[in-house]
Amino acid sequence: MSAVEAKLAELGLTLPSVVPPLAAYQPAVQSGVYVYTAGQLPMVEGKLPVTGKVGGEVTPEEAKQLAATCALNALAAVKSVVGDLDRIARVVKVVGFVASASDFTGQPGVINGASELLGAVLGDKGVHARSAVGVAVLPLDAPVEVEIQVELVEA
């Protein structure tokens, strides 16, 4: 077990299986020392636990937890490409999308769920630049979607 996966276990988390693509793309691709993930929905065992708009059908607190699930799914996608999460030198960038009710402006707080999970799991390697964007709708009516970019330690 890698140190990263041991930390996940210590936090009571398990790395899930990679979420299969919903369309014509790969869950993650490597280019040089970087891995870019596709946008990851908060799928749990192949299903969305909740759907709808944040600030409407979904509370900001629920959405924050869903963003953490997205980040966990993104780590699974990274592992599928590199084989060992201990190869992560750092998370470079996180982009989070929040399907928002028209008056909801708390996107940064929602995407903190992903950022906080990455920090808890990776420590200083999880500190990153970030964007948190409100959108009208996401695939499958998901409340949140997160993509990450990581730099690898050269093998």
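Trainee: What makes β2 and β5 a strand pair?

Mentor: Two strands pair if DSSP finds at least two bridges between them. Strand β2 (residues 34-37) and β5 have 3 bridges, in the antiparallel sense. So they qualify under the rule of at least two bridges. Strands here are DSSP runs of E, at least two residues; helices are runs of H or I, at least four, and both are numbered from the N terminus.

Trainee: How reliable is the basis?

Mentor: This is a predicted model: local features need pLDDT of at least 70, side-chain atom pairs count only at pLDDT 80 or more, and totals for chains, interfaces and linings use all residues. Residues are numbered from 1 along each chain as its sequence is written, and side-chain values use heavy atoms, without hydrogens and water.

Trainee: How do you know that β3 and β5 pair?

Mentor: DSSP gives them 9 antiparallel bridges. Phe-97 stands opposite Glu-145 in β5.

Trainee: Why is the pair of Tyr-34 and Tyr-36 called tilted?

Mentor: Rings of Phe, Tyr and Trp (its six-membered ring) pair if their centres lie within 6.5 Å; planes under 30 degrees apart are stacked, over 60 edge-to-face, the rest tilted. Tyr-34 and Tyr-36 lie 6.4 Å apart, centre to centre, with 40 degrees between the planes. Therefore the pair counts, and as tilted.

Trainee: Why is Tyr-34 called partly exposed?

Mentor: Buried means under 20% relative accessible area, exposed over 50%, partly exposed in between (1.4 Å probe, protein chains only). Tyr-34 has 32%, so it is partly exposed. Tyr-36, at 33%, is partly exposed too.
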